[in-house]
Amino acid sequence: MDNRERFLTLCSAIDRPGIQDLLDWITESDFFTAPASSRFHGAYVGGLVEHSLNVYDEMKRLLDAYPEIKVSEESVAVAALFHDLCKVNFYTVEKRNRKNASGQWESYDAYAVQEKFCFGGHGSKSVYLIQHFMPLKPEEAVAIQCHMSCWDGNKDVGNAFENCPFAWLLHVADEAATYIKESKEDT
(Lines give C-alpha, C1' and ligand atoms only; values in the text may rest on other atoms or scores of the structure.)
Protein backbone atom coordinates (compact mmCIF):
# COMPACT_ATOMS: atom_id res chain seq x y z
CA MET A 1 0.00 0.00 0.00
CA ASP A 2 1.46 3.38 -0.93
CA ASN A 3 1.27 6.48 1.29
CA ARG A 4 -1.80 7.89 -0.45
CA GLU A 5 -3.73 4.64 -0.04
CA ARG A 6 -2.65 4.27 3.58
CA PHE A 7 -3.62 7.85 4.39
CA LEU A 8 -7.08 7.43 2.84
CA THR A 9 -7.54 4.06 4.57
CA LEU A 10 -6.74 5.60 7.96
CA CYS A 11 -9.15 8.44 7.23
CA SER A 12 -11.94 5.87 6.84
CA ALA A 13 -11.93 5.64 10.68
CA ILE A 14 -13.19 9.25 10.80
CA ASP A 15 -16.98 9.32 10.91
CA ARG A 16 -18.20 12.88 11.10
CA PRO A 17 -19.95 15.40 8.89
CA GLY A 18 -17.71 17.04 6.31
CA ILE A 19 -14.95 14.42 6.22
CA GLN A 20 -15.65 13.57 2.59
CA ASP A 21 -15.56 17.26 1.62
CA LEU A 22 -12.22 17.60 3.41
CA LEU A 23 -10.83 14.52 1.66
CA ASP A 24 -12.08 15.80 -1.70
CA TRP A 25 -10.28 19.10 -1.08
CA ILE A 26 -7.10 17.29 -0.02
CA THR A 27 -7.25 15.02 -3.08
CA GLU A 28 -7.63 18.02 -5.41
CA SER A 29 -4.75 19.87 -3.71
CA ASP A 30 -1.02 19.14 -3.72
CA PHE A 31 -1.20 17.31 -0.35
CA PHE A 32 0.00 13.97 -1.72
CA THR A 33 2.91 15.51 -3.67
CA ALA A 34 3.87 18.45 -1.43
CA PRO A 35 7.03 18.44 0.68
CA ALA A 36 6.81 18.56 4.48
CA SER A 37 9.26 21.49 4.53
CA SER A 38 11.30 23.56 2.14
CA ARG A 39 14.72 22.28 3.17
CA PHE A 40 14.52 20.25 6.36
CA HIS A 41 12.50 17.10 7.03
CA GLY A 42 10.55 15.64 4.14
CA ALA A 43 11.79 18.17 1.59
CA TYR A 44 10.85 15.97 -1.34
CA VAL A 45 7.79 15.03 -3.39
CA GLY A 46 5.34 13.25 -1.10
CA GLY A 47 7.08 14.41 2.07
CA LEU A 48 3.93 15.95 3.59
CA VAL A 49 1.80 12.82 3.43
CA GLU A 50 4.74 10.71 4.62
CA HIS A 51 5.28 13.04 7.57
CA SER A 52 1.59 12.93 8.46
CA LEU A 53 1.70 9.13 8.48
CA ASN A 54 4.89 9.16 10.56
CA VAL A 55 3.19 11.41 13.13
CA TYR A 56 0.26 9.00 13.22
CA ASP A 57 2.61 6.06 13.80
CA GLU A 58 4.45 7.94 16.56
CA MET A 59 1.17 8.86 18.24
CA LYS A 60 0.12 5.21 18.28
CA ARG A 61 3.49 4.24 19.76
CA LEU A 62 3.30 6.97 22.41
CA LEU A 63 -0.24 6.03 23.36
CA ASP A 64 1.07 2.53 24.11
CA ALA A 65 3.72 4.11 26.35
CA TYR A 66 1.20 6.42 28.06
CA PRO A 67 -2.00 4.38 28.49
CA GLU A 68 -3.31 6.97 30.97
CA ILE A 69 -3.88 9.33 28.00
CA LYS A 70 -7.28 8.26 26.77
CA VAL A 71 -8.19 9.29 23.25
CA SER A 72 -10.29 7.75 20.50
CA GLU A 73 -8.81 6.26 17.34
CA GLU A 74 -10.79 8.87 15.42
CA SER A 75 -9.14 11.74 17.31
CA VAL A 76 -5.71 10.23 16.77
CA ALA A 77 -6.36 10.03 13.03
CA VAL A 78 -7.76 13.57 12.85
CA ALA A 79 -4.96 15.21 14.81
CA ALA A 80 -2.05 13.28 13.32
CA LEU A 81 -3.15 13.16 9.71
CA PHE A 82 -4.38 16.75 9.44
CA HIS A 83 -2.06 18.66 11.82
CA ASP A 84 -0.04 20.15 8.94
CA LEU A 85 -2.81 21.07 6.50
CA CYS A 86 -1.37 24.58 6.62
CA LYS A 87 1.29 23.29 4.20
CA VAL A 88 -1.20 22.44 1.45
CA ASN A 89 -0.60 24.65 -1.62
CA PHE A 90 2.16 26.35 0.40
CA TYR A 91 5.36 25.47 -1.47
CA THR A 92 6.62 26.21 -4.94
CA VAL A 93 9.67 25.04 -6.86
CA GLU A 94 12.26 27.61 -7.84
CA LYS A 95 15.67 27.51 -9.49
CA ARG A 96 18.72 28.10 -7.31
CA ASN A 97 22.43 27.96 -7.99
CA ARG A 98 25.19 26.10 -6.18
CA LYS A 99 28.73 24.94 -6.84
CA ASN A 100 29.05 21.26 -7.67
CA ALA A 101 31.87 18.94 -6.56
CA SER A 102 34.04 20.29 -9.41
CA GLY A 103 33.59 23.88 -8.24
CA GLN A 104 31.35 24.75 -11.20
CA TRP A 105 28.07 26.58 -10.77
CA GLU A 106 24.98 24.54 -11.51
CA SER A 107 21.27 25.21 -11.36
CA TYR A 108 18.98 23.02 -9.28
CA ASP A 109 15.34 22.89 -8.23
CA ALA A 110 14.54 23.83 -4.63
CA TYR A 111 11.37 24.30 -2.61
CA ALA A 112 10.41 27.78 -1.45
CA VAL A 113 7.47 29.08 0.54
CA GLN A 114 4.82 30.79 -1.53
CA GLU A 115 1.98 31.49 0.88
CA LYS A 116 -1.35 31.67 -0.91
CA PHE A 117 -3.59 31.94 2.15
CA CYS A 118 -2.19 33.91 5.09
CA PHE A 119 -4.03 32.98 8.25
CA GLY A 120 -2.38 33.22 11.62
CA GLY A 121 0.31 30.76 12.59
CA HIS A 122 1.06 27.21 11.65
CA GLY A 123 -1.37 25.54 14.05
CA SER A 124 -4.20 28.05 13.78
CA LYS A 125 -4.18 27.86 9.99
CA SER A 126 -4.45 24.05 10.11
CA VAL A 127 -7.32 24.26 12.62
CA TYR A 128 -9.10 26.80 10.42
CA LEU A 129 -8.70 24.71 7.26
CA ILE A 130 -10.00 21.55 8.93
CA GLN A 131 -12.96 23.33 10.52
CA HIS A 132 -13.84 24.88 7.18
CA PHE A 133 -14.89 21.34 6.20
CA MET A 134 -15.61 19.38 9.38
CA PRO A 135 -15.98 20.03 13.10
CA LEU A 136 -13.15 19.32 15.51
CA LYS A 137 -13.50 18.15 19.08
CA PRO A 138 -12.01 20.69 21.51
CA GLU A 139 -9.03 18.45 22.40
CA GLU A 140 -8.26 17.94 18.68
CA ALA A 141 -8.31 21.70 18.07
CA VAL A 142 -6.04 22.32 21.06
CA ALA A 143 -3.64 19.58 19.96
CA ILE A 144 -3.39 20.84 16.38
CA GLN A 145 -3.16 24.49 17.48
CA CYS A 146 -0.34 23.69 19.93
CA HIS A 147 1.56 20.97 18.05
CA MET A 148 4.43 23.38 17.31
CA SER A 149 4.77 24.22 21.03
CA CYS A 150 6.79 27.42 21.50
CA TRP A 151 8.24 27.19 17.97
CA ASP A 152 5.11 28.95 16.72
CA GLY A 153 5.31 31.80 19.27
CA ASN A 154 2.68 30.26 21.57
CA LYS A 155 3.79 31.37 25.04
CA ASP A 156 0.88 29.72 26.83
CA VAL A 157 1.39 26.25 25.40
CA GLY A 158 2.44 24.82 28.77
CA ASN A 159 -1.05 25.39 30.14
CA ALA A 160 -2.52 23.70 27.08
CA PHE A 161 -0.27 20.68 27.60
CA GLU A 162 -1.19 20.49 31.31
CA ASN A 163 -4.91 20.66 30.59
CA CYS A 164 -4.85 18.53 27.46
CA PRO A 165 -2.19 15.80 27.51
CA PHE A 166 -3.34 14.80 24.02
CA ALA A 167 -1.92 18.14 22.79
CA TRP A 168 1.44 17.32 24.34
CA LEU A 169 1.30 13.88 22.74
CA LEU A 170 0.77 15.34 19.25
CA HIS A 171 3.67 17.73 19.80
CA VAL A 172 6.00 14.91 20.88
CA ALA A 173 4.85 12.69 18.01
CA ASP A 174 5.50 15.51 15.54
CA GLU A 175 8.97 16.13 16.98
CA ALA A 176 9.80 12.40 16.99
CA ALA A 177 8.69 12.05 13.38
CA THR A 178 10.65 15.15 12.37
CA TYR A 179 13.90 14.68 14.27
CA ILE A 180 14.15 10.90 14.56
CA LYS A 181 12.28 9.27 11.68
CA GLU A 182 12.89 12.01 9.11
CA SER A 183 16.41 13.29 9.38
CA LYS A 184 17.91 16.06 7.29
CA GLU A 185 20.33 13.54 5.82
CA ASP A 186 17.45 11.57 4.28
CA THR A 187 16.35 14.51 2.11
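**An enclosed helix**

Modeller: Start with H4: nine of its 10 residues are buried, so this helix is largely enclosed by the rest of the structure. Buried means under 20% relative accessible area, exposed over 50%, partly exposed in between (1.4 Å probe, protein chains only). Helices (H or I, at least four residues) and strands (E, at least two) are DSSP runs, numbered from the N terminus.

Colleague: What kind of model, and which cut-offs?

Modeller: This is a predicted model: local features need pLDDT of at least 70, side-chain atom pairs count only at pLDDT 80 or more, and totals for chains, interfaces and linings use all residues. Residues are numbered from 1 along each chain as its sequence is written, and side-chain values use heavy atoms, with hydrogens and water left out.

Colleague: Which residues of H4 are buried?

Modeller: Glu74, Ser75, Val76, Ala77, Val78, Ala79, Ala80, Leu81 and Phe82.

Colleague: And what do they pack against?

Modeller: The buried residues of H4 pack against H1, H2, H3, H5, H6 and H8. Contact means heavy atoms within 4.5 Å.

Colleague: Zoom in on Leu81. What does it touch?

Modeller: Leu81 touches Phe7, Leu10, Cys11, Phe31, Ser52, Leu53, Tyr56 and Val76, leaving out residues up to four places away in sequence.

Colleague: Now the largest nonpolar core. Which members touch the most others?

Modeller: Phe7, Ile26, Phe31, Met59, Leu81, Phe82 and Leu85, out of 47 residues. A nonpolar core is a set of buried Ala, Val, Leu, Ile, Met, Phe, Trp, Tyr and Cys residues joined through side-chain atoms within 4.5 Å.

Colleague: Which helix gives the largest share?

Modeller: H3, with eight residues of this core.

Colleague: Let's stay on H3. His51 sits there. Buried or exposed?

Modeller: His51 is buried, at a relative accessible area of 0%.

Colleague: Which side chain makes a polar contact with His51?

Modeller: Asp84, at 3.4 Å between the side chains. A polar contact is a pair of N or O atoms within 3.5 Å; within protein, one must be able to donate a hydrogen and the other to accept it, and residues adjacent in sequence count only if both atoms are side-chain atoms.
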